[in-house]
Amino acid sequence: SVADAIGLLLERVPERGSISFRELAADAESRLDVIVRFLAVLELFKQGFVELEQVETFGVLEVRRAVDADSALDAVSIADWDEAPETALTGEREQP
């Protein structure tokens, strides 16, 4: 899940310096795992936890921790990635 990938990425992105997305996805078992990790990077970027740098089109994507990333993750936003497809399309939440 994207939530699991976010946890994994937060462990792997160094406190200082950067790491390439290729390195973050090097041990992914399938193409789908790579996609899920990329979605996790995008969510962390959206929430301000990481900064991204890509100098040229299709170049190396560098991921580094944001300087002011001390706030908590938005769990609702993360859960939206892992909703059932029909729920995501309608915007409705499942009842517990």
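This is a predicted model: local features need pLDDT of at least 70, side-chain atom pairs count only at pLDDT 80 or more; totals for chains, interfaces and linings use all residues.
Local features rest on pLDDT of at least 70 and side-chain atom pairs on pLDDT 80 or more, while totals for chains, interfaces and linings use all residues. Residues are numbered from 1 along each chain as its sequence is written, and side-chain values use heavy atoms, with hydrogens and water left out.

Visitor: Which pattern does the protein chain follow when read along the sequence?
Guide: Helices (H or I, at least four residues) and strands (E, at least two) are taken as DSSP runs and numbered from the N terminus. On that basis the protein chain has 5 helices and 3 strands. Read along the sequence, the pattern is α-β-α-α-β-β-α-α.

Visitor: What percentage of the 96 residues of the protein chain count as buried?
Guide: A residue is buried under 20% relative accessible area, exposed over 50% and partly exposed in between, using a 1.4 Å probe and protein chains only. Under this definition the buried part of the 96 residues of the protein chain is 28%.

Visitor: At what angle do the axes of helix α1 and helix α3 cross?
Guide: Axes are lines fitted to C-alpha atoms, for helices over the stretch in contact, and angles run from 0 to 180 degrees between N-to-C directions. The axes of α1 (residues 2–12) and α3 (residues 31–46) come within 8 Å and cross at roughly 70°. That makes α1 roughly perpendicular to α3, a label given to angles of 65 to 115 degrees. The crossing angle is therefore roughly 70°.

Visitor: How many residues of the contact of α1 with α3 are nonpolar?
Guide: With contact meaning heavy atoms within 4.5 Å, V2, A5, I6, L8, L9, L10 and R12 in α1 meet V36, R37, L39, A40, V41, E43 and L44 in α3. These divide into no polar, 3 charged and 11 nonpolar. Ala, Val, Leu, Ile, Met, Phe, Trp, Tyr, Cys and Pro count as nonpolar, Asp, Glu, Lys and Arg as charged, and the others, Gly among them, as polar. The number of nonpolar residues is 11.

Visitor: Which residue forms a salt bridge with R12?
Guide: A salt bridge is a side-chain nitrogen of Lys or Arg within 4 Å of a carboxyl oxygen of Asp or Glu, and a search of the whole structure finds 5. For R12 the N to O distance to the partner, D27, is 2.7 Å. R12 lies in helix α1 and D27 in the loop between α2 (21–24) and α3, so the pair ties together parts that are 15 residues apart in sequence.

Visitor: Is E43, which forms a salt bridge with K46, buried or exposed?
Guide: The closest N and O atoms of E43 and K46 are 3.5 Å apart, and the two residues, 3 apart in helix α3, are separated by about one helical turn. K46 counts as exposed at 57% relative accessibility. E43, with a relative accessible area of 1%, is buried.

Visitor: Which strand holds E53, the salt-bridge partner of R64?
Guide: The closest N and O atoms of R64 and E53 are 3.1 Å apart. R64 lies in strand β3 (residues 62–65), so the pair ties together parts that are 11 residues apart in sequence. R64 is partly exposed at 24%, and E53 is partly exposed at 37%. The strand that holds E53 is β2 (residues 50–53).

Note on methods: Angles under 35 degrees count as roughly parallel, over 145 as roughly antiparallel, 65 to 115 as roughly perpendicular and the rest as oblique.
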